[in-house]
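Trainee: Could you pick one part of this model and take me through it up close? I'd like to see how it sits in the rest of the chain, in plain words please.

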Amino acid sequence: MKQYNFFLTYALLVIIQMVICNYFHLSSYVLLSILPVMVLCIPIRFSTTAALFIAFATGFLVDLLSEGLLGINTLSIVPVAFLRKLIIQLVFGEEVFARNEDFSIKKSGLGKVTIALLIAQGLFLLIYILADGAGTRPFSFNLLRFVLSLAAGYAVSILLVDTLAPDTSRK
């Protein structure tokens with residue numbers, strides 16, 4: 001049942017990401033994406049290969065149905081999926097894998113979850129902004145876009161962590 005709930009929630013968030021891409025253009029300086037938190041919160045029991053396939057399909061679907069540039073979300077989210085377990089290991093430690101437990105704010109603390117989200121969001125944005133600008137935009141524009149997008153993405157992502165990776169010890 002828990003796995004079904006994750007995939008249902010994940011599918012709903014993919015639709016929300018498409019709506020964000022199509023209708024919520026805050027400015028040319030802010031790119032709002034929830035894809036990094038979605039991929040980071042794929043349950044631990046899924047292998048890196050499975051996470052890569054899920055991330056590729058998610059990025060491709062978002063690109064196909066919402067973005068103007070086909071492949072940009074796919075290009076940006078697949079490295080996050082590839083490094084997902086490394087990010088979790090570095091931030092939360094080996095215990096997460098030993099117990100085969102997903103992280104949550106309640107279990108791991110807001111500080112650790114913030115660090116993991118900022119790494120995942122930062123990696124996604126770095127690749128996205130570099131690919132989107134393709135060397136045609138000035139460094140100051142890209143830097144400002146990165147910082148503002150990181151702040152906006154983090155603010156939304158922190159709200160979604162407990163939805164995607166709920167604390168299962170609550171009963």
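Mentor: Let's start with glycine 153, which you'll find in helix H8; helices here are DSSP runs of H or I with at least four residues, strands are E runs of at least two, and both are numbered from the N terminus. Before we zoom in, keep in mind that this is a predicted model, where local features need pLDDT of at least 70 and side-chain atom pairs count only at pLDDT 80 or more, while totals for chains, interfaces and linings use all residues. Residues are numbered from 1 along each chain as its sequence is written, and side-chain values use heavy atoms, leaving out hydrogens and water.

Back to the glycine. Glycine 153 counts as buried because its relative accessibility is 0%; buried means under 20% relative accessible area, exposed means over 50%, and partly exposed is in between, with a 1.4 Å probe and protein chains only. What does glycine 153 touch, leaving aside neighbours within four places in sequence? Leu32, Ser33 and Gln121 are in contact with it, and contact means heavy atoms within 4.5 Å. Glycine 153 also sits 6.6 Å from isoleucine 34, C-alpha to C-alpha, even though 119 residues of sequence separate the two.

Now widen the view to the helix itself. H8 covers residues 139–164 and has a kink of about 35 degrees centred on isoleucine 158; the bend at a residue is the angle between axes fitted to the seven residues ending there and the seven starting there. Isoleucine 158 is also one of the buried residues of H8, along with others including Phe141, Asn142, Arg145, Leu150, Ala152 and Val161. When you look for a pattern in a list like that, remember that an α-helix has 3.6 residues a turn, so residues three or four places apart point the same way.

Alanine 165 counts as buried because its relative accessibility is 3%. Not counting residues up to four places away in sequence, alanine 165 touches Cys41, Phe103 and Ser104. Its C-alpha lies 8.8 Å from that of isoleucine 105, which is 60 residues away along the chain.

Glutamine 17 is buried because its relative accessible area is 1%. Between glutamine 17 and leucine 35 there are 7.4 Å, C-alpha to C-alpha, and 18 residues of sequence.

Apart from neighbours within four places, valine 80 is in contact with Pro36, Val39, Ala120, Leu123 and Phe124. For a contrast, go to asparagine 100, in the loop between helix H5 (95–99) and helix H6 (105–108). Asparagine 100 counts as partly exposed because its relative accessibility is 48%, and its phi is near 55 degrees, a positive value in a residue other than glycine.

The chain has eight helices and zero strands, and 45% of its 171 residues count as buried. Among contacts between residues at least 6 apart in sequence, 77% join residues at least 24 apart. The C-alpha trace spans about 50 × 30 × 25 Å along its principal axes. The chain's radius of gyration is 16 Å, which agrees with the value near 16 Å for a compact globule of 171 residues; that radius is taken over C-alpha atoms, and the globule rule is 2.2 Å times the number of residues to the power 0.38.
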